[in-house]
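Below is a colleague's note for someone who is meeting this structure for the first time. Please keep the sequence and the model in view while reading the numbered points.

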Amino acid sequence: MSAQLTENSMIECQRHGLRPPAVICQHLERGRDLGFFQPDPDPDDPQSFIQHAWCGHCDEVLEAEGDWTDRAQAFAAPYCVCEGCLDDIRKRNLRK
Ligand SMILES: [Zn+2]
Ligand SMILES: [Zn+2]
């Protein structure tokens with residue numbers, strides 16, 4: 001799961017202002033209790049400075065595919081939100 005972002009990328013959020021971006025799957029933003037998954041920290045990943053997150057549906061596809069294949073990417077249809085939004089989304093979707 002990746003996007004064309006650099007370490008200095010910022011996005012302007014209507015709610016949170018100028019913030020660093022985070023990449024999430026298409027289901028999380030409007031979802032609730034979907035589960036909240038993030039990659040293990042990988043210092044070799046050139047995109048590791050950006051937070052990535054996906055939901056339980058995407059995690060099932062990811063498990064079946066074994067990696068972020070084209071099929072898994074197409075299912076997740078990842079896009080950017082700001083880190084403030086990511087916090088809200090985490091609270092809403094993290095299963096207790
Ligand atoms: Zn998802
Ligand atoms: Zn935001």
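**Notes on the fold**

1. A place to start is Ala-72, which belongs to helix α2. The model is a predicted one, and in it Ala-72 counts as buried, because 21 C-beta neighbours lie inside 10 Å and the cut-off for a buried residue is 20 or more. Leaving out residues up to four places away in sequence, Ala-72 touches Val-61, Leu-62 and Glu-65. The C-alpha atoms of Ala-72 and Asp-59 are separated by 8.9 Å, although these two residues stand 13 residues apart along the chain.

2. For the chain as a whole, there are three helices and five strands, and when they are read along the sequence they follow the pattern β-β-β-β-α-α-β-α. The C-alpha atoms fill a box of roughly 35 × 30 × 20 Å, taken along the principal axes. The radius of gyration is 13 Å, which agrees with the value near 12 Å that a compact globule of 96 residues would have.

3. Of its 96 residues, 25% are buried. Among contacts with a separation of 6 or more, 68% are between residues 24 or more positions apart.

4. The sheet deserves a careful look: three strands form it, in the order β4-β3-β5, and it is open, with mixed pairing. Because β4 (51-53) and β5 (79-82) stand at the edges and have a single partner strand each, one side of each is left without a neighbour in the sheet. From one strand to the next, the twist averages 35 degrees.

5. In which sense does β3 pair with β4, and in which with β5? Strand β3, which spans residues 21-24, pairs with β4 in the parallel sense over three bridges, whereas β3 and β5 pair in the antiparallel sense over four bridges.

6. Are the two faces of β3 covered or uncovered? Both are covered, with Pro-21 and Val-23 buried on one side, and Ala-22 and Ile-24 buried on the other. Apart from neighbours within four places in sequence, the contacts of Ala-22 include Ile-50, Gln-51 and Ala-53, as well as Cys-80, Val-81 and Cys-82, and Glu-83 and Leu-86 are also in contact with Ala-22.

7. Helix α3, made up of residues 83-93, lies across β3, β4 and β5, and runs at about 95 degrees to β5. Within α3, the residues Cys-85, Leu-86, Ile-89 and Asn-93 are buried. These four cover an arc of only 100 degrees around the axis, so they are on the same side of α3. The buried residues of α3 pack against β3, β4 and β5, and also against β1 (11-13).

8. Asp-33, found in the loop between β3 and β4, has a positive phi of about 55 degrees although it is not a glycine, and Asp-33 counts as exposed because it has 12 C-beta neighbours inside 10 Å, where the cut-off for exposed is 12 or fewer. Ala-77, placed in the loop between α2 and β5, likewise has a positive phi, near 40 degrees, in a residue other than glycine. With 10 other C-beta atoms within 10 Å, Ala-77 is exposed as well.

Conventions:
Residues are numbered from 1 along each chain as its sequence is written. Chains are lettered from A and ligands numbered from 1 in the order in which they are written. This is a predicted model: local features need pLDDT of at least 70, side-chain atom pairs count only at pLDDT 80 or more; totals for chains, interfaces and linings use all residues. Two strands pair if DSSP finds at least two bridges between them. Axes are lines fitted to C-alpha atoms, for helices over the stretch in contact, and angles run from 0 to 180 degrees between N-to-C directions. Two residues are in contact if their C-beta atoms, placed from the backbone, lie within 7 Å. The radius of gyration is taken over C-alpha atoms; the globule rule is 2.2 Å times the number of residues to the power 0.38. The arc is that of the directions from the helix axis to the C-beta atoms.
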